[in-house]
Amino acid sequence: MAWWSLLGRARGSGFLCAHKRGFIYQQKYGLVNVKLKWVKDRALDAVVAGERDLKATCTLVSIISSNPHGGLPIYRLSRHRGQLGLSHDIRLATFIRRFPNIFDEFHVLDSGGARVPWFRLTPEARTLHQEELNALQENEMDILNRLMKLLMLTCDITLPLQTIDQLKWDLGLPYDYCDSLLPRYPEFFSMVFLPDNRAGLKLRSWDDRLAVSQLEKDAPLNQKEEDVRNGCLAFPIGFTRGFGLKRKCMKWLEEWQRLPYTSPYANASHLDSRTDVSEKRIVGVFHELLHLTLQKKTERKNVSNLRKPLSCPQKFTKVFERHPGIFYISKKCDTQTVVLREAYDRQQLLQKHGIVEIRERFARMMENGFLDKSRGLYKRSGINGLEVDPSRNSYDDQLDDVEFKFESESDCNLLSEYDSDETMHGPC
């Protein structure tokens, strides 16, 4: 990746001065109609493609581990399918069976004598998940700060829970954060009902210590002192190798970088949305939002409903296309993922969070399990027709699972909706 040093001026302590400059600039400069082409970045595409199905797997691990019995039938897991992001052409049971080193399958007879597939975690997966829980506990205040800063980016320090749910994986929130995390911090958060009757999360009080963007934190190290005093900041810019930038676009980008920087935590109601200064403020908001994520990326659809909470104009996500030196849009995995370029050196995330390291270990487990299964290392048992590792007798304790047979009759009647590849037979 070729990096450009198009450094503008940063915002210093003269907060009011910076906003006056912003008002002058926004009256002077309109929104320049410049289009920069999209160029494939193979390294960042590999980052996105390498995590295919990781979110679904980790979510299933959390769901299964939260059950007091340590296992769940396929029809219960299917109720969570909408949260997994799996493609519609794959059955959930087929997906789970791809990773036999993570998910242990066994059968339980229902009241009608049909064999119902159940799944629990393997010992290796349970151990790694416990390490993940430990990492969450060690980094709990950091995760809370990310959530608080996200709420502080909004005009009412409030977001619908549905919106936060879409971002919880990226922010590092626990799967059940509404039950396991938020109730323990009533001094920070409160549950509210929004005007449209949706449930929302509101920050109880503003924290000035958190109202500093990552760009402002890095300014003393990355920008000239004189530029900082002048009240403007510039964004790190990088392009894919071979990206050809026309002279006209280069000139516009240099001028755009010198425009005043409006903190994403500041009131920007004075800015005219038809100007480059306003656009720079929008870029700053999403630059900061991506910095709040653990892996400095998120799916584009996760931010598409943030227009009103973030006080953005119509078609605000167009800034991703207009600034390919700041953001990269990967089209891998049948979706669009927005990646913050400055956070990566080719495929390597420059600053890895502890939770990210756990996720990478899950990804390696998935890869190894899938490869071992495809090589035939998981043979079929002659007892239950289950795919098991012949090197270990993981089903010796199946008799202990007899308590699972006491599922309610209504659940057992869901056999017709099983997301399973197997034809249900009577008891063997």
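Contact here means heavy atoms within 4.5 Å. Axes are lines fitted to C-alpha atoms, for helices over the stretch in contact, and angles run from 0 to 180 degrees between N-to-C directions. Helices (H or I, at least four residues) and strands (E, at least two) are DSSP runs, numbered from the N terminus.

Before going further, a word on the model. This is a predicted model, in which local features need pLDDT of at least 70 and side-chain atom pairs count only at pLDDT 80 or more, while totals for chains, interfaces and linings use all residues. Residues are numbered from 1 along each chain as its sequence is written, and side-chain values use heavy atoms, with hydrogens and water left out.

Two strands count as paired if DSSP finds at least two bridges between them; β6 and strand β7 (residues 199-203) have 5, and run antiparallel. Within that pair, Phe193 stands opposite Ala199 in β7.

What span should the 13 residues of helix α7 (residues 140-152) have at 1.5 Å a residue? The expected span is 1.5 Å times one less than the number of residues, which gives 18 Å for α7, and its end C-alpha atoms are 18 Å apart, in agreement. Of the 13 residues of α7, 10 are buried, so the helix is largely enclosed by the rest of the structure. Buried means under 20% relative accessible area, exposed over 50%, and partly exposed in between (1.4 Å probe, protein chains only). Among the buried residues of α7 are Ile143, Leu144, Leu147 and Leu151, and also Glu140, Arg146 and Lys149.

**An enclosed strand**

Strand β4 (residues 115-121) has 7 of its 7 residues buried, so the rest of the structure largely encloses it. In a regular strand the side chains alternate between the two faces of the sheet. Both faces of β4 are covered: Arg115, Pro117, Phe119 and Leu121 are buried on one side, and Val116, Trp118 and Arg120 on the other. Strand β2 (residues 71-73) is joined to β4 by 3 bridges and runs antiparallel to it, with Leu72 partnered by Phe119. Strand β3 (residues 103-109) is joined to β4 by 7 bridges, again antiparallel, and there the partner of Leu109 is Arg115. The hairpin of β3 and β4 has 5 residues between the strands, and Gly113 in it takes a positive phi near 90°.

**The β9-β11-β10 sheet**

Another open sheet has 3 strands in the order β9-β11-β10, with antiparallel pairing. Here β9 (297-299) and β10 (327-330) stand at the edges with a single partner strand each, so one side of each lacks a neighbour in the sheet. The twist averages 20° from one strand to the next. Between β10 and strand β11 (residues 337-340) there are 4 bridges, and the two run antiparallel; Phe327 stands opposite Leu340 in β11. Helix α13 (residues 276-292) packs on the sheet, touching β9, β10 and β11, and its direction makes about 90° with that of β11.

Thr240 is in the loop between β8 (237-239) and α12 (247-257). Is Thr240 buried or exposed? At 11% relative accessibility, Thr240 counts as buried. Leaving out residues up to four places away in sequence, Thr240 touches Val39, Lys40, Asp41 and Arg341. Its side chain has the polar contacts tabulated here (a pair of N or O atoms within 3.5 Å; within protein, one must be able to donate a hydrogen and the other to accept it, and residues adjacent in sequence count only if both atoms are side-chain atoms).

| Side chain | Partner side chain | Distance |
|---|---|---|
| Thr240 | Asp41 | 3.4 Å |
| Thr240 | Arg341 | 3.2 Å |

Pro236 is in the loop between α11 (225-229) and β8, and is partly exposed, with a relative accessible area of 24%. Pro236 and Glu342 are 106 residues apart in sequence, yet 6.5 Å apart in space, C-alpha to C-alpha.

**The chain as a whole**

The chain has 16 helices and 15 strands, and buried residues make up 51% of its 428 residues. The average pLDDT (the predictor's confidence in each residue, from 0 to 100) is 82, and 80% of the residues score at least 70.
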